[in-house]
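Here are a few notes to go with the model on your screen. Keep the 3D view open and find each piece as you read.

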Amino acid sequence: MRMPSPRAVISLRGIGKRYRIYARARDRLLELVTQRPRHRVHQAVADIDLDLHPGESLGVIGPNGAGKSTLLKLVYGVLLPDTGRIQAEGRITGLLELGTGFNPELSGAENIRLNGLLLGMTLEEIGRERAAIVAFSELGSFIDAPVRTYSSGMAMRLGFAIAIHARPACFIVDEALAVGDAHFQQKCLRRMREFREQGGSILLVSHDLHSVVSLCDRALLLDRGRCIAEGKPQEVVNRYNRLIAGDDGAIETGAAPNPGSATGTDPHAGAGLVSAYGTGVARILAARFAGEQSGPNAVACGEHAVIRVRAEVREAMDAVTLGISIRDRLGQTAFGTNTNMLGMPLQLTPGQPQWFRFRFRVDLAPGDYTVTVALHRGDSHTEGCYDWRDFALSFRVAGFTARPFSGMFDLRPAFSVEDAESKHSEATR
Amino acid sequence: MNLALLRELTRRDLLDRYTGSILGGIWLIIHPLVMIFVFVIIFAQVMGARLPEMTQGLGSTYAYGVYLVSGLLPWIAFSATLGRVTQVFVERRHLISHVRLELRHLPMYIPLADAITFVLSVLLFMAVLFATGFPVTWQVLWVLILFPLTQMLAYGLGLFLGALNAVVHDVGQAVSVIVYLWFWLTPIVWVREIVPPGVHNVLATVNPAYWFVESYHDVFVRGTAPAAAQLVPLFLSAVFVFILGQLAVRALEGPIRDHA
């Protein structure tokens, strides 16, 4: 067991949490009386060591039931561990799952006061931050309506606003952001970045792997209560994708018909080309990105780029669709298309892998992007997903070949001065 | 837990049940006022109830009404605090599971809120006593000692049962049944002279509510200091149960949080 780190905001050593599960309520009493065990033990979390330093943000990912939320509750102090020691310096606030500890009968404004006090703020602090909290939550006049009339997104906004304005040493978020709309999610992420830059620590549980990659310095992969990977977010996310694809540790699996075509051995494939999910009836074998002038994984704004994907089917099928989705560093889809939208049905013969290419002009703002590649049925992956790979590719848009712009896309604007004559003729027409 | 939070929780507890009402906090006074009026005035005038052998208020028309109210007011505070503290970890589970709180301190707003209701009621009661000319002595100042002891007893017992109730919800149900029975095993409606001496001795020995209710009767109705036979066990049991409750919550904090 490591010694607690002296500088850490939060330090966990050998943390374990068990639940006793009783089939019926009365089993608890019978066990007490007969002294014979009548429960089964669920080990939610086991042997977790963790240090979180000021200004550091840590993402916790893992499959459902891996113990992520339990771990956060232990850190937050609303659950007690069975084994190990937790040391926490300073105030911890955040959003745990859904719900915020609000009193639904009270107005938003009254809940700011109550919640603030519960979080350990003084009345002066609450008074000082109140305006900022209301402004951030964007509730406007709803702030005086009872919280029970709020949508879950509105309640989340208020909860987030109070928690972040309580000036914690560590801020904890458990999935809660998923409730908000895209605009507010981005706003929260921005605010959390600011918070981190000011020296705050963040502990984040999320199924949104993109926000973990874009926000966190470090990530932790939990599986069945244990930490099975810790390190750079992108690496841990890749490990997670392998884990839920059921082929943890090796990219090649029995699903690949011949080892030579396995994606992991292709040196030009994107580093993250790992199976996320899908039935595997159709498979993506490799994917590459190249700017036509810039070369692999790089492109300038305005330049044409090609995404090449090698795919195969294991049995004859119709309505196979190949899709790509380009995401920015915040995980927003900047552009997506698929062969169904393009009206180009995919022709694939079982056992005969085939290269396909998407060519397009990259009118995206400079920055880092990732590409999700997927094989699915018909219109969208919800109808049936064969192979879905997040982070299949990453590329950088650097510099402009055309005129610079601000924002996300180049809309290729035209500009001209209207002369008086044409305006006159328009008016008299 | 800081004082500002305790104040806020207490205020919310007292006033939230009246949110949306026009009279608001005035309802806090209307309830005890009507009760005192019914018992002291109506009971005395209409029922003509009289109490035997009461040294101070002997012969007073209002003696039984005063007897009833002086036992009821502390009983109401005691049973309300006990019942509510027993349920607190279940009722406030959304708080316990979402906010870091010291569990032992969270329920403190309950005895405090019930104390405020009690103080308002006693002041009204005193006003009615003066208005009816019922003899009041300086002995009533004993309330300043009796009441904190009563609330300590209720709070400690509530914490102990509340810790159990968080794990096994039957405890809370049992408490409400037992409190009802307990009411009738305590000389609130009946007077001690009407029960057989054997039964009376048992109750006087084992029933903590007997100790404080009879002490209130001593100071309000009989105009004497509380008998040491009640005051000493009341003090000892209040301190003991208070500590017991704290220990129970500390010991069961893990399970309480698991069930929140």
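In which helix of chain A does A:Arg196 lie? Hold that thought while you go through the points; keep in mind that this is a predicted model.

1. To settle the question: A:Arg196 lies in helix α6 of chain A. That helix covers residues 182–197 and lies across β3, β6 and β7 of chain A. Against β7(A), helix α6 runs at about 145°.

2. Is A:Arg196 buried or exposed? Its relative accessibility is 16%, and buried means under 20%, so A:Arg196 counts as buried.

3. Now look at what surrounds this arginine. Its side chain and that of A:Ser57 are joined by a polar contact of 3.2 Å. Setting aside neighbours within four places in sequence, A:Arg196 also has contacts that include A:Gly55, A:Ile202, A:Leu215, A:Cys216 and A:Asp217.

4. Next, the sheet. Six strands of chain A make an open sheet with mixed pairing, in the order β5-β6-β7-β3-β8-β9. Because β5 (92–95) and β9 (226–231) of chain A stand at the edges with a single partner strand each, one side of each has no neighbour in the sheet. On average, neighbouring strands here are turned by 20° against each other, ignoring direction.

5. Strand β8 of chain A (residues 218–223) pairs with β9(A) in the antiparallel sense, over five bridges. For A:Leu220, the bridge partner in β9(A) is A:Glu230.

6. Finally, find helix α2 of chain A, residues 68–76. It lies across β3, β5, β6, β7 and β8 of chain A, and runs at about 150° to β6(A).

How values were computed:
Residues are numbered from 1 along each chain as its sequence is written. Chains are lettered from A and ligands numbered from 1 in the order in which they are written. This is a predicted model: local features need pLDDT of at least 70, side-chain atom pairs count only at pLDDT 80 or more; totals for chains, interfaces and linings use all residues. Side-chain values use heavy atoms; hydrogens and water are left out. Two strands pair if DSSP finds at least two bridges between them. Helices (H or I, at least four residues) and strands (E, at least two) are DSSP runs, numbered from the N terminus. Axes are lines fitted to C-alpha atoms, for helices over the stretch in contact, and angles run from 0 to 180 degrees between N-to-C directions. Contact means heavy atoms within 4.5 Å. Buried means under 20% relative accessible area, exposed over 50%, partly exposed in between (1.4 Å probe, protein chains only). A polar contact is a pair of N or O atoms within 3.5 Å; within protein, one must be able to donate a hydrogen and the other to accept it, and residues adjacent in sequence count only if both atoms are side-chain atoms.
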